[in-house]
Amino acid sequence: MPYQDLRAFLTELKNAGELVEIARPVSPRYDIARALARTSAVQGPALLFTQTGTDFPLVAGVYGNRRLALKAFEATEQTIHDRVLNGIGEPVGPVDFKGTAPCQEVVLTGDSIDVTKLPVPIYSPKDGGPYITAGIVVSENPESGIPDIGNYRFQVHGPRELGVFSAPNHRFGKNMAHAVAMGKELHGAVAIGVDPLTMFSCQVQSSDATNDWFVAGGLRGAPVELVKAVSNDLKVPAWAEIVIEFVVDTKTQKMEGPLGEYTGYYTPASPKPVARITAITHRRNAIFQGLLTGKPITENHVLKQIPFETSILRQLQAQFPTLSDISINSSGGVQTYVVIAMKPRYEGEARQAILATMAGNLHPKWVIAVDPDIDIRNAAEVEWAQSFRVKPSQDVFVVDRTAAAPLDPYTDGGYSSSVGIDATKPFGEEFPEVSEVAGWKDFPLPELDAAIRK
């Protein structure tokens with residue numbers, strides 16, 4: 001059974017020793033980010049801050065490393081891609097929640113609205129202000145009515161006002177553009193603190209015609225329970241901790257940013273539309289969720305990695321069936337550095353797979369193909385393949401004027417270039433046998449296991 005809500009997952013983390021409670025005052029201004037950076041650096045546990053200077057505790061680092069992400073999926077490295085592929089392939093539609101939804105146990109409207117009472121962190125010294133980074137944004141295409149859920153940032157401008165950021169290629173950005181073209185208002189909601197697989201479903205690569213609630217239900221293997229919002233007609237996750245309802249004011253723009261983004265660099269401030277808050281609803285004893293973003297590796301990168309990898313793997317395997325695995329490295333922002341494992345069926349197929357990866361919507365700068373015997377998540381093994389299975393003059397190539405990754409600080413007028421490295425063994429040629437210690441992975445050594453646990 002999937003985790004019903006964030007609280008169920010936090011209970012699991014606590015029981016597994018993967019959630020540490022910080023029971024002393026910690027300021028949302030920089031200090032929470034400092035604590036998250038420390039646990040992220042050692043792939044440590046999630047952190048629950050109970051004294052934030054507000055009425056709300058804050059939890060973050062919930063998906064701060066791949067170990068925690070796999071726990072959210074109830075999967076292992078060996079089963080994770082099949083787990084996600086099966087979920088995407090078997091969508092499950094949402095259902096309406098009966099009765100008073102947990103997310104609407106407390107309803108704030110009118111003069112009661114004040115988003116500054118939430119412990120919204122300021123993460124980096126030059127950030128433009130406090131940022132909601134872990135919310136999923138619910139909106140609809142104003143023409144088709146198809147709902148979208150995505151993870152987009154919001155800057156807190158004041159008690160009833162948020163700064164909106166969404167790239168034009170994001171569905172939320174497209175929905176805003178459609179609304180402007182049609183002369184309509186775009187309503188939305190930010191759901192904070194949802195169940196793990198609804199959170200991960202926001203990162204699955206899908207078409208604009210996809211109803212994302214079906215994707216979330218497929219990953220969960222059970223329907224997402226939804227309830228009508230208080231101030232608009234959108235449906236929001238019934239078990240969310242907090243829901244902020246808003247209407248986008250595209251005619252009024254304020255400076256939004258800077259923010260330390262997934263690239264590890266600040267995005268500069270620029271005029272952006274304003275979201276005017278129309279209601280805030282939340283559970284009793286609601287838990288605010290934060291999410292650190294910035295120089296890799298942070299929770300932002302871990303959250304994207306598994307859905308991105310599985311989505312792109314599904315697309316590539318349709319053309320290259322012997323392509324067995326893909327790693328979209330966090331060090332490249334889960335965007336610019338990709339390693340694929342495959343057994344080429346013919347001369348040049350690895351290069352074709354590299355080019356197909358470059359042509360996808362990731363826009364990577366580096367794509368490396370290796371044989372399946374290489375652990376693609378082990379940098380030393382990938383570098384070993386590059387060192388001894390590559391002739392640079394014939395196996396390394398550059399494709400110029402490729403599309404740039406979003407927010408890449410170093411591009412050439414909106415485009416970039418990409419490097420392909422074929423580090424598979426030469427096709428059809430004899431190659432030396434790998435020297436390997438037989439059976440070492442299964443060799444019993446309890447003394448070593450005990451030392452590692454310490």
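Predicted model: local features only at pLDDT ≥ 70, side-chain atom pairs only at ≥ 80, totals over all residues.
## About the model

Local features here need pLDDT of at least 70, side-chain atom pairs count only at pLDDT 80 or more, and totals for chains, interfaces and linings use all residues. Residues are numbered from 1 along each chain as its sequence is written, and side-chain values use heavy atoms, with hydrogens and water left out.

## The largest pocket

Let's start with the open spaces. A pocket is an open set of points on a 1 Å grid over the protein atoms alone, with protein on both sides within 12 Å along at least five of seven lines; lining residues have an atom within 4 Å of a point. The largest pocket has a volume of about 1,000 Å³, where volume is the space filled by probe spheres set on the points, and points are joined across faces, edges and corners. It is lined by 38 residues, and Asn 151, Tyr 152, His 170, Gln 203 and Phe 308 are the closest to its centre.

Strand 8 (147-151), helix 5 (171-182) and helix 8 (299-317) each supply at least two lining residues, with strand 8 giving the most, at four. Helices (H or I, at least four residues) and strands (E, at least two) are DSSP runs numbered from the N terminus. The lining of this pocket holds 15 nonpolar, 15 polar and eight charged residues. For these classes, Ala, Val, Leu, Ile, Met, Phe, Trp, Tyr, Cys and Pro are nonpolar, Asp, Glu, Lys and Arg are charged, and the others, Gly among them, are polar.

## The second largest pocket

The second largest pocket holds about 480 Å³ of space. Its lining has 22 residues, with Ile 297, Gln 305, Asn 329, Ser 330 and Arg 377 nearest the centre. Helix 8 contributes here too, along with strand 20 (337-342) and helix 10 (379-388), each supplying at least two residues. By class, the lining has seven nonpolar, ten polar and five charged residues.

## The cavity

A cavity is a set of grid points where a 1.4 Å probe fits but cannot get out. Helix 2 (residues 31-41) gives the most to its lining, with three residues. Among the lining residues are Leu 36, Thr 39, Ser 40, Leu 292 and Glu 299.

## Phe 443

Phe 443 sits in the loop between strand 23 (415-423) and helix 12 (446-453). Phe 443 counts as exposed because its relative accessibility is 57%, and exposed means over 50% (1.4 Å probe, protein chains only).

Terms used:
Buried < 20%, exposed > 50% of the residue type's maximum accessible area, 1.4 Å probe, protein only.
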